[in-house]
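Visitor: I would like to learn how to read helix packing and a few other features in a model. Could we go through them one at a time?

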Amino acid sequence: METIAIVGGGAGGLELATRLGDSLGKSGRARIVLVDRYPTHFWKPLLHTVAAGKLDPQVHQVEYAAQAADHGFQFICGEVLRVDRDSRTLDIGSWRGDDGAELLPPRSLQYDKLVLSCGAVTNFFNIPGAEQHSLTLDNVQDAEFFRKRFLASCMQASSRRAAVNIVIVGGGATGIELAGELCHTVRTLARYNVHTLDPARDVRISIIERGDRLLPQLNKRLSGRAARYLRRLGIEVCTDTTVARVEADAVVDSAGVRHPSDITVWAAGVEAPAICSTLGLAQNRIRQIVVTPELRAEADPSVFAIGDCASYVCPDNGAVPPRAQAAHQQAVYLADVLVRRAGVKVPAFRYRDYGSVVSLGPFAAMGVLIGGANKREMLVGGLAARLLYRLMYQKHVMALHGFMRMAAQSVAHWIRGKITPPVKLH
Ligand SMILES: Cc1cc2nc3c(=O)[nH]c(=O)nc-3n(C[C@H](O)[C@H](O)[C@H](O)COP(=O)(O)OP(=O)(O)OC[C@H]3O[C@@H](n4cnc5c(N)ncnc54)[C@H](O)[C@@H]3O)c2cc1C
């Protein structure tokens, strides 16, 4: 029986493993094996809400082992350290518990087909001090680390009667969503007397963006709306500002201006993880693996790549962006390709951009919907945008668990939201 190994159980990889397990795994037509460095899955677009304390990650995590048992695939916990394409073998590192003790030894896995869905990591663009002095939002651990640092900074500043400066580098969706959520968090913490800072005066949040507007990839009017909303919240928005270096207590821009910073968050871009460079396959300048219209690596038809670690330029739509929406569409496409018998011709992958929605706190969301043959763009805001934003996550949950469980979980989360504090405190 052929083995299809999937490296990375994120937005794309877990959905693919679930679909292939349900179709090929359960019927015994193939052995589907998912490998991830963590034992649980968390949908990355929600990480900024974990960082702001709005969402408890444990409540929204999916246990890979349970998902595997329910959907006919195997799960191996461990980091893939090396891929040997000649012998079609993955080297998987040991898995250690929180105390550093080895729980599982290093292992290897032979595959017939390999799907890389290992996502992306923060790109520091070699800016001096950026990696050393900035926090990132690459995974749940990063987001929890930020949350605790933010809480501690507010409490310490409160007892010193000082201000807290947060600088977010990058005015894309991640940066502005985090800024919006933090404004709400700091007010809630003040209401709970966790600190005695004046949220408007003592907590200074700045966004530094190199481009001439926020959300540079999206509609210009949406950028304007988002900037106006954030400024109304008291957030400083610095566009046309390039970071020259990051220091322990400041971000210095190319004009020499120092932006004091107690916590610097780097959200200025992504690149594929280092593992992608070890396969000897064609890559683009941010290390993504270049794939064909069938999402195969150009030099090796047994290797596929989807999501943030893949580079595919659609002839009609341009480069597929690193978004959950794209990872989902590629997972659906590849599941369809891999269940087909060998030799059956498959259509090329085609990315459809339905638009984007950003959430700027519990009471504000805005976005742009794209539809029709001429790709007309329509701005949405208010309740409609908030519902659409929630729908993105519900769609992901539905792809993993089906409608009934998604509906039951939504009700459970709604009730939980009513009976627990709106911000996770400790
Ligand atoms: C804060 C934030 C907000 C975002 N907001 C949005 C949004 O609003 N809308 C949107 O469309 N997109 C958003 N994105 C982008 C979106 O999250 C990604 O595009 C999407 O998750 C990519 O899916 P993926 O499957 O390629 O990778 P991921 O979801 O990143 O999953 C990669 C998986 O691979 C695993 N892995 C990596 N390396 C290894 C290895 N060597 N061995 C084993 N396992 C490995 C990781 O543990 C992880 O589980 C956001 C991202 C962030 C960080």
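Guide: Gladly, starting with handedness: a crossing is left-handed if the near helix is turned anticlockwise from the far one by less than a right angle, and right-handed if clockwise. A word on the source: this is a predicted model, where local features need pLDDT of at least 70, side-chain atom pairs count only at pLDDT 80 or more, and totals for chains, interfaces and linings use all residues. Residues are numbered from 1 along each chain as its sequence is written, and side-chain values use heavy atoms, leaving out hydrogens and water.

Visitor: Which hand does the crossing of α6 and α7 have?

Guide: The crossing of α6 and α7 is right-handed. Helices (H or I, at least four residues) and strands (E, at least two) are DSSP runs, numbered from the N terminus.

Visitor: What else describes a helix pair?

Guide: Two packed helices are described by the angle between their axes and the distance between the axes. Axes are lines fitted to C-alpha atoms, for helices over the stretch in contact, and angles run from 0 to 180 degrees between N-to-C directions. For α6 (residues 140-160) and α7 (residues 173-191), the angle is about 45° and the axes are 12 Å apart. That makes α6 oblique to α7; angles under 35 degrees count as roughly parallel, over 145 as roughly antiparallel, 65 to 115 as roughly perpendicular and the rest as oblique.

Visitor: Which residues of α6 and α7 make the contact?

Guide: Contact means heavy atoms within 4.5 Å. On the α6 side are Phe146, Phe150, Leu151 and Cys154, and on the α7 side Leu178, Leu182, Thr185, Val186 and Leu189.

Visitor: At what angle do α1 and α4 pack?

Guide: Helix α1 (residues 13-25) and helix α4 (residues 64-71) pack at about 25°, with axes 8 Å apart. That makes α1 roughly parallel to α4. Here Leu14, Thr18, Gly21 and Asp22 of α1 meet Tyr64, Gln67, Asp70 and His71 of α4.

Visitor: And how many residues are in the largest nonpolar core?

Guide: A nonpolar core is a set of buried Ala, Val, Leu, Ile, Met, Phe, Trp, Tyr and Cys residues joined through side-chain atoms within 4.5 Å. Buried means under 20% relative accessible area, exposed over 50%, partly exposed in between (1.4 Å probe, protein chains only). The largest has 57 residues, and helix α10 (residues 324-339) gives the most to this core, with seven.

Visitor: Is Asn126 buried or exposed?

Guide: Asn126 counts as exposed, at 78% relative accessibility. Its phi is positive, about 55°, although Asn126 is not a glycine.
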